[in-house]
Amino acid sequence: MAELQKSDNSWLKVLFIGDVVGLPGTSYTAGVLKDLLPKLQPDLVVANGENAVHGRGLNRPAAEALYDAGVEIITLGNHSWDQRDLLSFIDEDERIVRPANYPPGTPGRGFTVCRVKNMEVLIINLMGRTFLPALDCPFRAVDDILHEHSGIRHVIVDMHAEATSEKLAMGWYLDGKVSAVIGTHTHVQTADERILPDGTALLTDVGMTGPRDGILGMDRTLVTHRMITQMPVRFEVAGGARQFSAVLVKLDHESGRALHIERIYISED
Ligand SMILES: [Fe+2]
Ligand SMILES: [Fe+2]
């Protein structure tokens, strides 16, 4: 018997955009989403915005630029506190999520719940601890959040980490407990997207949105100069051609299980 084609209503489509770097990143996000949103028609658009201001942190104008582009939820990472301006509005803006495993009392929130197609979607941000600040345990942090929200079946986790092993471990740890574990932070898109046996979509790193020919979005001359001379150099966002890195996950409307995962990479010229 032929399998019935699922109607669009049986999906929940989530577009997750990788680390947006500086003005080139926010402007290219806006440009790409103008074409992409009508084509993909995602139900929810999430972007990691930890590098949206000159590669370092998030402020109000950068957050507004991302919202204007069509981003609905902004996640963060190790650059969360690089812009003091964020502290003036992060507590009020429920669309912004910083890593949940910061110590208790840290400003902002480690997860947020939004309503999509009349369903609740939980978005969680976690940070790994390899080559990054020694935060609280991300595994215990996510356990606590999931325990508090056991009625929500659609859960997206941004696992912001350097080590692929830590991101894979989180993916397998959460298999069957969340809809998707999307890695961020390395700014290089990995080609390992898959759906784990118990229905969790996993991508080790979604990649970077911003200058394509810099080093992780920053001016490559400055980065290499620092590496060669070992002298302090202030990095600046690179110019030139831009890239857009994202992933689209389709979740079952009822169960929240991932049904499809697809990487997206778009580049100028
Ligand atoms: Fe980043
Ligand atoms: Fe990062």
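Donors are N, O and S atoms within 2.8 Å of the metal, or 3.2 Å for Na, K and Ca; water is not among the atoms, so sites may look incomplete. Keep that in mind for the views below, which come from a predicted model where local features need pLDDT of at least 70 and side-chain atom pairs count only at pLDDT 80 or more, while totals for chains, interfaces and linings use all residues. Residues are numbered from 1 along each chain as its sequence is written, chains are lettered from A and ligands numbered from 1 in the order in which they are written, and side-chain values use heavy atoms, with hydrogens and water left out.

**View 1. Here is the iron ion (ligand 1) with its protein donors.** Read along the sequence, the donor residues of the iron ion (ligand 1) follow the spacing D-x30-E-N-x135-H. One pair here links distant parts of the chain: Asn 51 is in the loop between strand 2 and helix 2, and His 187 is in the loop between strand 8 (180-184) and strand 9 (194-195), 136 residues apart. Helices (H or I, at least four residues) and strands (E, at least two) are DSSP runs, numbered from the N terminus. Asn 51 counts as buried because its relative accessibility is 3%; the cut-offs are under 20% relative accessible area for buried, over 50% for exposed and partly exposed in between (1.4 Å probe, protein chains only). His 187 is buried too, at 9%.

**View 2. Now for the iron ion (ligand 2) and its neighbour.** Glu 50 (OE), Asn 78 (OD1), His 160 (NE2) and His 185 (ND1) coordinate the iron ion (ligand 2) at 2.1 Å. The two iron ions, ligand 2 and ligand 1, are 3.4 Å apart, and Glu 50 coordinates both. Glu 50, in the loop between strand 2 (44-48) and helix 2 (60-69), and His 160, in strand 7 (residues 154-160), are 110 residues apart, so this pair also links distant parts of the chain. Both Glu 50 and His 160 are buried.

**View 3. What does the side chain of Gln 243 reach?** It gets to the backbone oxygen of Met 208, at 2.9 Å. The side chain of Gln 243 also makes a polar contact with the side chain of Tyr 265 at 2.7 Å. A polar contact is a pair of N or O atoms within 3.5 Å; within protein, one must be able to donate a hydrogen and the other to accept it, and residues adjacent in sequence count only if both atoms are side-chain atoms. Gln 243 lies in strand 12 (residues 242-252) and is buried, with a relative accessible area of 9%.

**View 4. Meet strand 12 and its partners.** Strand 12 is mostly covered, with 10 of its 11 residues buried. Two strands pair if DSSP finds at least two bridges between them. Strand 1 (residues 11-17) pairs with strand 12 in the antiparallel sense over 7 bridges, and Leu 12 has Leu 251 as its bridge partner. Strand 11 (residues 210-211) runs antiparallel to strand 12, joined by 2 bridges, with Pro 211 opposite Arg 242. Strand 13 (residues 258-267) pairs with strand 12 in the antiparallel sense over 9 bridges; there, Ala 258 is the bridge partner of Leu 251. In the hairpin of strand 12 and strand 13, 5 residues lie between the strands, and Gly 256 takes a positive phi near 85 degrees.
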